[in-house]
Amino acid sequence: VLVAALVVVTFTWGMVVYGIPELAKSVAQALPVSVDEKLTQGTLTLLDERILSESELALETQKRIEDKFLNMVEQAQDEHKYQLMFRKGLGANAFALPSGHIVITDELIAMADSDEEVLAVLAHEIGHVVHEHGLRSVLQSSAVALLLTAVTGDVGAASGFAAAMPIILLETNYSRKFELEADAYALDYMKANNIDTIHFATILQKISGDVGDEESSPFSYISTHPATFERIKPFKDNSLTK
């Protein structure tokens with residue numbers, strides 16, 4: 001009985017720590033982008049109704065940042081339909097939905113001293129979309145649907161919980177691994193486009209100081225994330241001004 005119990009516990013631990021995350025990655029990469037779009041329907045509407053409000057940024061500022069954002073997504077080389085959404089609320093923040101909709105707040109843009117700092121944040125968020133972190137997080141949180149999709153190949157198994165998607169996304173924190181993957185994407189983008197990587201370190205330090213409490217927001221850059229000093233180190237190491 002003890003041996004059987006040990007086997008069950010070991011198997012369960014292995015599935016939770018290694019099996020399900022790897023399976024989620026495989027399934028997320030195999031599913032069409034339309035699943036991302038379907039799963040995120042209604043999420044932004046819920047946020048607008050309960051948390052966010054209309055942006056108060058000048059239209060010329062929005063246009064300038066959006067033009068640079070569109071240039072960024074051209075280099076993403078994936079099939080997501082990216083769209084930048086300006087909103088007010090949640091403090092200095094930005095987050096990406098699996099569909100490719102990226103929300104950035106007025107407060108974050110006001111905090112940034114340059115467009116390069118804003119672009120560094122947006123590159124990080126694009127990294128989340130490219131690596132399917134949103135969908136993978138939901139699949140990992142919905143292991144039953146994940147296993148059904150993997151075994152049967154039925155996309156309907158993954159989209160069956162679409163009605164609950166807004167709530168799931170609001171309650172999802174990206175894992176340490178996901179944050180570092182998105183950071184790596186931002187680092188590569190900035191280096192490839194001759195944007196000094198120190199800008200990411202600078203804006204992240206500002207956001208960290210603004211948030212204060214690491215658990216204050218579900219979209220906080222530092223909520224359950226690697227320590228700020230650990231995240232900014234590669235950006236400082238690769239800075240053109242070091």
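These legends walk through several close-up views of a predicted model. Local features need pLDDT of at least 70 and side-chain atom pairs count only at pLDDT 80 or more, while totals for chains, interfaces and linings use all residues. Residues are numbered from 1 along each chain as its sequence is written, and side-chain values use heavy atoms, with hydrogens and water left out.

View 1. Strands (E, at least two residues) and helices (H or I, at least four) are DSSP runs, numbered from the N terminus.

**View 2. Strand 4 (residues 101–105) has partners in both senses.** With strand 2 (residues 83–88), strand 4 pairs in the parallel sense over five bridges. Look for Q83, whose bridge partner is H101, and for M85, which stands opposite V103. With strand 3 (residues 94–96), the pairing is antiparallel, over three bridges, and here A94 stands opposite I104. Strand 3 and strand 4 form a hairpin with four residues between them, and G100 in the turn has a positive phi of about 110°. Four of the five residues in strand 4 are buried, meaning under 20% relative accessible area with a 1.4 Å probe, protein chains only.

**View 3. The largest nonpolar core holds 39 residues.** Such a core is a set of buried Ala, Val, Leu, Ile, Met, Phe, Trp, Tyr and Cys residues joined through side-chain atoms within 4.5 Å. Among those with the most contacts inside it are F69, Y82, L122 and I126. Helix 6 (residues 115–130) gives the largest share, eight residues. Beyond its neighbours within four places in sequence, I126 is in contact (heavy atoms within 4.5 Å) with F69, M72, V73, A76, Y82, I102 and Y185. Another core, of seven residues, lies apart from this one and includes L52, F95, L97 and V103.

**View 4. Helix 11 (residues 176–192) packs with helix 13 (residues 228–237).** Their axes, lines fitted to C-alpha atoms over the stretch in contact, are 10 Å apart at an angle of about 20°. The two helices are therefore roughly parallel, a label for angles under 35 degrees, taken between N-to-C directions on a scale from 0 to 180. Residues that meet here include L180, A186 and L187 in helix 11 and P234 and F235 in helix 13.

Technical notes
Buried < 20%, exposed > 50% of the residue type's maximum accessible area, 1.4 Å probe, protein only. Pairing = 2+ DSSP bridges. Parallel < 35°, antiparallel > 145°, perpendicular 65-115°, else oblique.
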